[in-house]
Amino acid sequence: MQTVLFHSTIFGPIHSRRLGVSLGINLTPDDGKICSFDCLYCEAGFNAQGPGTTGFPPRERVARLLESRLKNMKAAGEPLDVITFSGNGEPTLHPQFKGVIEDTLRIRDMYYPEAKVSVLSNSTRLENASVDEALRMVDNNILKLDSAITPTMRAIDRPTQPAFTSERAIDDIARFKGQCIVQTMFLRGEHDGVSIDNTTPREVDALIEAYRKISPKEVMIYSIDRKTPAENLEKVSREELLEIAGRITSETGIPVQVA
């Protein structure tokens, strides 16, 4: 089984296809996976590998490790475009998520004030008031919407909350009134005998309606780039992604980044 990729709280910097030179922060355990989705394409593997033993890193430890890394990078003259909350699961599940964001912004301003702070979230925790407040503080509030059609979303993302729907995600994201970026993974394939394809005209039409309702400052679309835990998934070509991007922009006026 493919397992977690990040065995530390602070990792990188790495070059992100979408964000540039990125220093990562993993707010989930460094020896397991905790997520409210169990996506077929997750580079960190399936949730079945378990949550590990180390738990969520304490807020104070995250701040200490981040400041040490940024201080050393600054002294070495290393570039930094973004500090990105990602890692082995959903960062907004951290019980002190808002406090961690406040610490990160303060430390960022001390060493790399020009760097952006980004959060990659799967949109399942937006009804939590403190999560909502924290995401409004960051530079790049990047929210997942892989399908505007609930059965497709459930087949791809496999939410751990049985009641979670695409409709709920769209309504929750729309409350940010454009203060967000929507990120969509396009793929096709098969898993456990179920055919999956969110590139069909019906799927793209539904996503375009959702993007129109949400009115984000940008849409990011991408496809598989690394090994996935579900083996029978197919990468969508860049040419096809560009065609989809063209439709989105022409029908909504929203800029689209293709990674």
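Strand β4 (residues 116-121) and strand β5 (residues 140-144) run parallel to each other and are paired over four bridges, and within this pairing L120 has I142 in β5 as its bridge partner. The model in which these elements are found is a predicted one.

Both strands belong to an open sheet of eight strands with mixed pairing, arranged in the order β1-β2-β3-β4-β5-β6-β9-β11. The edges of this sheet are formed by β1 (10-16) and β11 (256-258), each of which pairs on one side only. On average, and with direction ignored, neighbouring strands of the sheet are turned by 25° against each other. Helix α1 (residues 59-75) packs on the sheet, where α1 touches β1, β2 (20-26) and β3 (82-86), and its direction makes about 55° with that of β1. Helix α7, in turn, lies across β9 (218-222) and β11, and runs at about 175° to β11.

The loop between α1 and β3 holds G77, a residue that counts as exposed because its relative accessibility is 58%. Between the C-alpha atoms of G77 and Q183, which lie 106 residues apart along the chain, the separation is 31 Å.

A further open sheet consists of three strands in the order β8-β7-β10, with antiparallel pairing. Its edges are taken by β8 (194-197) and β10 (233-235), each with a single partner strand, so that one side of each is left without a neighbour in the sheet. Neighbouring strands here are turned by 10° against each other on average, direction ignored. Strand β7 (residues 187-191) runs antiparallel to β10 and is joined to it by three bridges, with L233 in β10 as the bridge partner of G189.

| Strand pair | Sense | Bridges | Bridge partners |
|---|---|---|---|
| β4 and β5 | parallel | four bridges | L120 and I142 |
| β7 and β10 | antiparallel | three bridges | G189 and L233 |

Turning to the helices, the axes of α6 (residues 201-214) and α7 (residues 238-252) come within 10 Å and cross at roughly 40°, and the two helices are therefore oblique to each other. The crossing in which α6 passes α7 is right-handed. On the α6 side the contact involves P201, V204, D205, I208, Y211 and R212, which meet I244, R247, I248, E251 and T252 in α7. The residues of this contact divide into six nonpolar, one polar and four charged.

Definitions and conventions:
Residues are numbered from 1 along each chain as its sequence is written. This is a predicted model: local features need pLDDT of at least 70, side-chain atom pairs count only at pLDDT 80 or more; totals for chains, interfaces and linings use all residues. Side-chain values use heavy atoms; hydrogens and water are left out. Axes are lines fitted to C-alpha atoms, for helices over the stretch in contact, and angles run from 0 to 180 degrees between N-to-C directions. Angles under 35 degrees count as roughly parallel, over 145 as roughly antiparallel, 65 to 115 as roughly perpendicular and the rest as oblique. A crossing is left-handed if the near helix is turned anticlockwise from the far one by less than a right angle, and right-handed if clockwise. Contact means heavy atoms within 4.5 Å. Ala, Val, Leu, Ile, Met, Phe, Trp, Tyr, Cys and Pro count as nonpolar, Asp, Glu, Lys and Arg as charged, and the others, Gly among them, as polar. Two strands pair if DSSP finds at least two bridges between them. Buried means under 20% relative accessible area, exposed over 50%, partly exposed in between (1.4 Å probe, protein chains only).
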